[in-house]
Amino acid sequence: MAVITYRDALNMALREEMHRDDRVFLMGEEVAVYQGAYKVSKGLLQEFGEMRVVDTPITELGFAGVGVGAAMTGLRPIIEFMTWNFALLAIDQVVNAAAKMLYMSGGQFPMPIVFRGPNGAALQLGAQHSQAWESWLAHIPGLKVVAPATPYDAKGLLKAAIRDDNPVCFLEGEMLYNTKGEVPDTDYIIPLGKAEVKREGEHVTLVAHGKMVLVALQAAEQMAKDGIACEVVDLRTIRPMDVDTIVQSVKKTNRCVVVEEGWEVCGVGAQVVDYVQRHCFDFLDAPVLRVHQADAPMPYTKSLEKAAKPDLPKTIVAIRQVLYLD
Amino acid sequence: MTTAKTRKKGPSSRTDVPASDTPSPATNRVLLYSMLLQRRFEERCAEMYAIGRIGGFCHLYIGQEAVSTGFISQLRPDDYVITTYRDHGQALARGLTPRAVMAELFGRQDGCSKGKGGSMHLFDKQLGFLGGHGIVGGHIPIAAGVGFSIKYRGGDQVIICFMGEAAVNNGAFHEALNMAALWKLPCVFVIENNRYGMGTAVERASAIHDIYKRGASYDMPRDVVDGQDVHAVLKAGAEAINRARTESMPTLLELRTYRFMGHSMSDAVSGTYRTKEELEQYLKRDPIALHRQRMDEAGEITAAEVTAMDEEIKKIVQESIDFAEQSPELPLEALMEDILVETTS
């Protein structure tokens with residue numbers, strides 16, 4: 001099996017799905033001639049032409065709405081945001097139009113559309129370019145929210161998102177594009193709404209999604225040296241969340257740490273903790289802890305940025321705390 | 001189409017329809033019927049709102065009927081219409097039945113959106129009626145997307161996008177019109193300039209008062225039309241629809257009209273933001289009265305025929321109310337239905 005980057009896995013998913021269904025098109029800033037701001041759409045313009053790989057003006061609200069209109073009338077748009085930070089300009093279309101059209105039309109207008117792009121902080125991009133949006137989006141009924149951690153998952157989940165007849169917000173890790181992994185060139189789908197146990201363990205459950213799955217796996221590796229077996233649950237889909245997989249794991253380990261890129265207040269982790277306390281109350285041996293970004297806008301200052309981000313050392317501290325090791 | 005440079009200015013320039021374009025007596029009857037249906041329907045809606053049968057926000061179309069009728073009467077069944085929350089008139093003009101619309105306003109399961117949408121969210125997929133939308137300006141990019149979709153599929157349909165004049169100050173308007181012109185999309189953008197965005201007069205909201213001139217920013221064909229004269233609307237609509245259908249080119253039209261009622265059911269018809277005198281002045285240009293008068297003068301219809309038509313319409317509207325009254329609300333399980341579909345492609 002070929003080892004390729006997360007970026008190329010996404011590219012492969014786009015290419016395969018555009019071959020499979022000619023109603024699928026890709027639209028966004030710099031997706032065509034420039035070959036993608038992050039090169040996810042490399043080669044697609046040459047392969048599929050300008051009607052199906054469409055460069056837009058810098059007009060997020062506008063082209064997100066174009067996607068909604070196209071989805072209402074028989075097409076299957078993939079709308080790329082250069083980053084999810086810019087998608088805030090389009091949030092009316094995502095939340096008020098795409099997420100509600102089926103409901104307020106009494107079931108007449110399904111919305112087969114994917115909104116996708118990089119999410120979360122990279123390195124020293126400053127306050128406006130370093131945000132994780134999944135908790136905002138996951139709040140909205142009518143949306144699905146997906147955040148793949150590995151190249152294998154990125155391909156299978158994006159293909160599933162494109163084939164889904166609902167609006168899917170697909171959050172790619174900006175820092176994951178260059179990560180590598182085994183990806184088959186076969187046609188496979190990873191169903192939305194299914195978490196995966198990325199590593200089995202019996203002492204503590206680490207719940208994460210996107211980039212933080214890699215941090216959780218590193219933490220598990222490190223803890224293993226001390227004889228602590230961490231189980232890593234990768235949510236993969238934030239909404240709908242696979243509660244069963246989380247609950248099953250926590251009932252086994254009796255302890256839980258949630259790791260996420262976003263801020264603490266009303267974050268994805270808060271929802272995980274809610275499910276855990278409801279379904280695992282009698283199984284818990286320690287309070288569930290969360291690792292997240294500091295409650296501040298992201299600073300440019302290198303040392304402050306490091307201090308703000310959830311990372312391996314902070315995750316280790318939380319794990320040791322729920323195990324009462326310190 | 002007159003070009004932007006040579007066009008005559010002002011609503012009066014559209015009242016002299018050339019003989020060759022004059023609609024037939026039969027067409028005139030259809031237009032009268034459609035406008036009168038919208039009028040009588042809305043009058044009863046006001047009544048139903050007052051007695052609590054209709055809830056929430058309810059925005060009546062009275063005074064603007066020539067606009068919906070003039071445009072939509074010319075569409076093919078496979079064309080599309082998208083509009084704002086002031087959507088009852090356009091829905092009826094498009095052929096949604098008074099029953100389906102009234103039941104929707106009552107929040108009942110036989111409504112066109114099963115009662116889940118309400119006054120602001122009328123939909124009918126079969127008729128290409130892509131909704132009443134509640135966020136000012138939000139539906140304009142969606143209209144561009146429908147235009148994109150038509151072009152993508154190689155079709156020759158058109159989409160008509162109705163909006164109020166206040167929407168043009170919204171970023172969504174600019175973004176959508178820029179793309180529609182850039183990509184040559186088959187969209188007709190119809191600004192219903194009824195002079196007020198809620199209570200804010202157009203002069204207090206827009207830096208330019210001839211709204212259609214904004215089309216120049218996109219090098220888009222544009223015009224201003226007397227929105228109270230259904231023949232003027234027909235003529236301008238025919239040109240714009242033809243341009244979209246045959247040349248895949250968008251058009252921006254400003255229809256000068258007036259809302260005879262308040263912005264919604266919750267505000268007074270006149271008082272704070274407009275005077276009674278102003279309202280009375282505009283009431284003299286009632287689109288239905290003007291059209292009827294023209295038919296009278298041409299000897300196309302008798303007073304008795306108008307009365308008979310009116311009685312028939314009133315009966316249909318009453319039936320729609322009776323129908324809505326007896327239609328049940330959806331069962332409680334429906335709360336959690338229509339949020340997502342289970343299907344994949």
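1. Lys184(B) is placed in the loop between H6 and strand E4 (187-193) of chain B; helices (H or I, at least four residues) and strands (E, at least two) are DSSP runs, numbered from the N terminus. Its phi is near 55 degrees, a positive value in a residue other than glycine. Lys184(B) counts as partly exposed because it has 14 C-beta neighbours inside 10 Å. The classes are as follows: a residue is buried if 20 or more other C-beta atoms lie within 10 Å of its own, exposed if 12 or fewer, and partly exposed in between, with C-beta atoms placed from the backbone.

2. The model is predicted; local features need pLDDT of at least 70, side-chain atom pairs count only at pLDDT 80 or more, and totals for chains, interfaces and linings use all residues. Residues are numbered from 1 along each chain as its sequence is written, while chains are lettered from A and ligands numbered from 1 in the order in which they are written.

3. Confidence: the predictor assigns the complex an ipTM of 0.97 and a pTM of 0.95. Chain B has a mean pLDDT of 93, with 94% of its residues at 70 or more; pLDDT is the predictor's confidence in each residue, from 0 to 100. Residues 1-19 of chain B have a pLDDT below 50, and this stretch has 26 contacts in the model beyond near neighbours in sequence. Two residues are in contact if their C-beta atoms, placed from the backbone, lie within 7 Å.

4. Asp219(B) lies in the loop between helix H7 (202-205) and strand E7 (222-226) of chain B. With 10 C-beta neighbours inside 10 Å, Asp219(B) counts as exposed.

5. Leu177(B) belongs to helix H6 (residues 171-182) of chain B. This leucine is buried, since 27 other C-beta atoms lie within 10 Å. Leaving aside neighbours within four places in sequence, Leu177(B) is in contact with Phe189(B), Tyr218(B), Met220(B) and Leu252(B). The C-alpha atoms of Leu177(B) and Thr251(B) are separated by 9.3 Å, although the two are 74 residues apart along the chain.

6. The largest nonpolar core has 195 residues, of which Leu206(A), Cys161(B), Val188(B) and Val190(B) touch the most other members. Such a core is a set of buried Ala, Val, Leu, Ile, Met, Phe, Trp, Tyr and Cys residues joined through C-beta atoms within 7 Å. At least three of its residues come from each of domain 1 (3-182) and domain 2 (196-322) of chain A. Beyond neighbours within four places in sequence, the contacts of Cys161(B) include Ile82(B), His139(B), Ile140(B) and Val188(B).

7. Within chain A, the C-alpha centres of domain 1 and domain 2 lie 26 Å apart; the bounds come from an automatic or database domain assignment. Their contact takes 23 residues from domain 1 of chain A and 22 residues from domain 2 of chain A. On the side of domain 1 of chain A that touches domain 2 of chain A, the elements giving two or more residues are helix H6 (134-138), strand E6 (144-146), helix H7 (151-163) and E7 of chain A. This side of domain 1 has 14 nonpolar, six polar and three charged residues. In this scheme Ala, Val, Leu, Ile, Met, Phe, Trp, Tyr, Cys and Pro count as nonpolar, Asp, Glu, Lys and Arg as charged, and the others, Gly among them, as polar.

8. In H4(A), Gln93(A), Val94(A), Ala97(A) and Ala98(A) are buried. They cover an arc of only 115 degrees around the axis, which puts them on the same side of H4(A); the arc is that of the directions from the helix axis to the C-beta atoms. These buried residues of H4(A) pack against H3, H5, strand E5 (114-119) and strand E7 (168-173) of chain A, together with helix H5 (139-152) of chain B.

9. The buried residues in H9(A) are Ile246(A), Ser249(A), Val250(A) and Thr253(A). Seen down the axis of H9(A), they fall within an arc of 95 degrees, so they line one face of the helix. After H9(A) comes Asn254(A), whose phi is positive, near 70 degrees.

10. The peptide bond from Arg239(A) to Pro240(A) is cis, with omega near 0 degrees. Pro240(A) lies in the loop between strand E12 (237-239) and helix H9 (243-253) of chain A.
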